[in-house]
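Subject: Handing over the structure

Hello,

Here is the structure I promised to pass on to you. Have a look at it first, and then read on for my notes.

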Amino acid sequence: MRRSATRRLAGAIAIVLTALVALLTSAGPAAAARPPWIVTLTVQTVPVLSGVRVELDGVTVTTDATGQAVFARPHDFDAHTLELVDTEIASVSARDRFVRWVGQRDSHQAFSPTVTGLPMRADYTVTAAFATLYPVTIDVTDDRGAPLDAARLGDVSLRDSAGRRVVVTAGEETWLDGWRPVYRSGRLVRDSVTYSVDSILVDGTGAVTAGAQRIDPAASPHVQLTVPLFRMQVSATDALFDRREGDGIVVTRPDGVRTRITFGPDRVAELSGLPRGAYEIEVQGASGVVAPQIVHLSKDKAVTLMVITPLDLFAVAAISMLAAVGLLAAGRLMLRHRTRRLASYPGIDSESVEGSDTTEDPEYHRGLGAPPRTPKSRWIPRPKWRWVGILVATLLCCTLGMSPQSTTARSLAAPPVAASVRMAPALTASGPTVLAYYYLWFSKNSWNRAKIDYPWLGRYSSGDPRVLRQHIRWAKQAGISGFIVSWKSTTTNNRRLHRLMDVARDEDFTLAMIYQGLDFTRDPLPVERVRADFEAFARDFAPDAVFHRLDGKPLTIFSGTWKFSATDVAHITDAVRSDLLVLSTEKNVEGYERIASSTDGNAYYWSSVNPATNTRYAAKLRAMGEAVHADGKYWLAPFAPGFDARLVGGTRVVHRLDGSTLRAEYAAAVASDPDLLGLISWNEFSENSHVEPSETYGTQSLDVLGELLLGEEYAPVTLPRSR
């Protein structure tokens, strides 16, 4: 029974297998005869370009009016080669240059005109992205609109909105990217490309402020850039008598070229059309001794060099001799007075006192007895020659110090000043660029600690782009050119700095960076951490054209340098000074000179000074500015509207006095002849040095700034009624 069932099952299986084999055998030829299906590869150009030749496996197709080239092929499993034959399409007004593929499968071939290994197994699209270039001719003029001599011009350095540096030649046509494809967040977009002017070399020196002028290649084929040029008047006088000396000067320009200029009838040499920079001046034909002087030119200046002539030396010697004779005569009179006083005592006559030395005569002591003791030292002391020398030296120093004219540089628009005073620039819109210290550390909870005033915008977060944009617009309206952003590398700080950069770029506003080198307890951060942060900033942020540049380098400030050794400062800054301009934050001349070789200047952060009570404040700023400029480096002078840090441990209060404090500190800062001014601050609410519109002060500080920086052009800031 069981064997019969098994045989029947085996027979059924055999029948099924036989039928299946027969079915497959009959279907094979039919399946092989069916042709493969058609798949298409579409090449799309961005922007839409017609007439672009594209080749697939040797077959060329030209893009149509929609910018597409379509290849239809049977499905297969082979590897195919796609080549863009025309990598550049030129017209009279623009050029389109191939940049990259999107959708080409192999990411390593994104930027090559030829892509290999493409499949033809399904329909898909590959995008060929082009940058659009425009012809631009740059003309360079002075600030009066007159063209500059091409022989004086060097390279014009530009930096595009992605931070790339481009060097062009003035007067020659150059093709610049106006639109550039960028693959961002998984999709292809076209970014508009603009350029900031990094530097313009005139007579071998950078003659413009980096980032102050911009170029949009898509807007116009002709661009005019302006270079500010300055005047300098040079004269030489002798040290004491204010007589003009010399017959001319030799001026060494920043590029090393020496030029001799003869004095005019008034014994003054006039130089005009000079770019900013350091000039060495030597007096020729003087009758005495005069040292060469280095003049840092950043505005119109009048320079007077002091010459020490033989007549000066003779006058000093004569005055010294007269002083000595006068002192001797005074001593003789004092001696006579003393003699008369001695003669008035019993037993002492004037003849014995003047004509004999009774104190050394033994007979005197035996026969007459000792004279009465007289308190000689209580009358008039005997002349001592060391005091004569001291008085003569004092008179000599005073004589030299009272010279009507010593070596000095001053604004041409200003009247002559005393030899020891450095003339301040006029307090007008033509003054130094103002950058405000700006803090990105605020969160909603920050306002609950150590605050007595609050922003007009409310208790904001520094990550809010609407707040950042309003801050920048208010600052620009008051004449502030940029923010000095407090930073050290953290995830939050980096994200907020990127956001601020985006807004500042849109608003045509510049930024600089101040690195916070101290922790919350005012102790220095680890040296390697600081060095790594500076390197990260140079790599990840500084190439962006939004950063304020001096001599082509982004401006940075190293806060807290006074807590680091000179060796540590050098170790930190040496890593980045080829790419960044790094200023120290020392508090006095000695501190600056301690690390001057490792920095590019000094930015003094001094917000707590009271200009109404500190009589040495302005002189200290001038001394620091002179020390920095003596090294040919940059001086950033501070000024603030007021100060009150009692809620964070401070004791000093500097009242605002309805803007008088701000005006006084601005005047003192400008008088120190700074390259830049550092306003302390935009939004340091814990120390109450803020100028941002606030609940307590409204727009008071911005109104004062607007008047100081913009004059009649200032349009007062209007605050919204509701906050």
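Predicted model: local features only at pLDDT ≥ 70, side-chain atom pairs only at ≥ 80, totals over all residues.

Residues are numbered from 1 along each chain as its sequence is written, and side-chain values use heavy atoms, with hydrogens and water left out.

**Backbone features**

Let me stay with N688 for a moment. Its phi is near 55°, a positive value in a residue other than glycine. N688 sits in the loop between β36 and α13. As for these labels, helices (H or I, at least four residues) and strands (E, at least two) are DSSP runs, numbered from the N terminus.

That loop, between β36 (676-679) and α13 (700-710), also holds S681. The peptide bond leading from I680 to S681 is cis, with omega near 5°.

Another cis peptide bond joins V46 and P47, where omega is about 0°. You will find P47 in the loop between β1 (38-46) and β2 (53-56).

D508 is not a glycine either, yet has a positive phi of about 60°. Its place is the loop between α7 (491-506) and β28 (510-516). With 44% relative accessibility, D508 counts as partly exposed.

**Salt bridges**

How many salt bridges does a search of the whole structure find? The search gives 32, where a salt bridge is a side-chain nitrogen of Lys or Arg within 4 Å of a carboxyl oxygen of Asp or Glu. Here are some of them.

- D86 and R53 meet through their side chains at 2.8 Å, N to O. D86 lies in the loop between β5 (76-84) and β6 (88-90) and R53 in strand β2, so this pair ties together parts that are 33 residues apart in sequence. D86 is buried, at 13% relative accessible area, whereas R53 is partly exposed at 39%.
- D198 and R159 form a salt bridge at 3.0 Å, N to O. Because D198 lies in strand β14 (residues 195-202) and R159 in strand β10 (residues 153-160), the pair connects parts that are 39 residues apart in sequence. Both D198 and R159 are buried.
- D143 pairs with R144, and their closest N and O atoms are 3.7 Å apart. D143 is partly exposed at 42% relative accessibility, while R144 is exposed at 67%.
- R97, D160, D177 and R180 are linked in a network of salt bridges.

**Helix pairs**

Two packed helices are described by the angle between their axes and the distance between the axes. Axes here are lines fitted to C-alpha atoms, for helices over the stretch in contact, and angles run from 0 to 180 degrees between N-to-C directions.

Helix α8 (residues 527-540) and helix α9 (residues 566-573) have axes that come within 8 Å and cross at roughly 30°. That makes α8 roughly parallel to α9; angles under 35 degrees count as roughly parallel, over 145 as roughly antiparallel, 65 to 115 as roughly perpendicular and the rest as oblique. The crossing of α8 and α9 is right-handed, meaning that the near helix is turned clockwise from the far one by less than a right angle, with anticlockwise being left-handed.

Further along, helix α11 (residues 617-630) packs against helix α12 (residues 660-671) at an angle of about 30°, and their axes are 8 Å apart. α11 and α12 are therefore roughly parallel, and their crossing is right-handed.

**Inside and on the surface**

F230 belongs to strand β18 (residues 230-238) and is buried, at 14% relative accessible area. Its C-alpha atom is separated by 7.4 Å from that of S298, 68 residues apart along the chain.

On the surface, F241, L311 and F314 form a nonpolar patch with about 310 Å² of accessible area together. Patches are made of residues with over 30% relative accessible area and no salt bridge, joining like charges within 9 Å and nonpolar side chains (Val, Leu, Ile, Met, Phe, Trp, Tyr) within 5 Å. Accessible areas come from the Shrake-Rupley method with a 1.4 Å probe, and for residues only the protein chains shown count as cover.

Best wishes

Key
Buried < 20%, exposed > 50% of the residue type's maximum accessible area, 1.4 Å probe, protein only.
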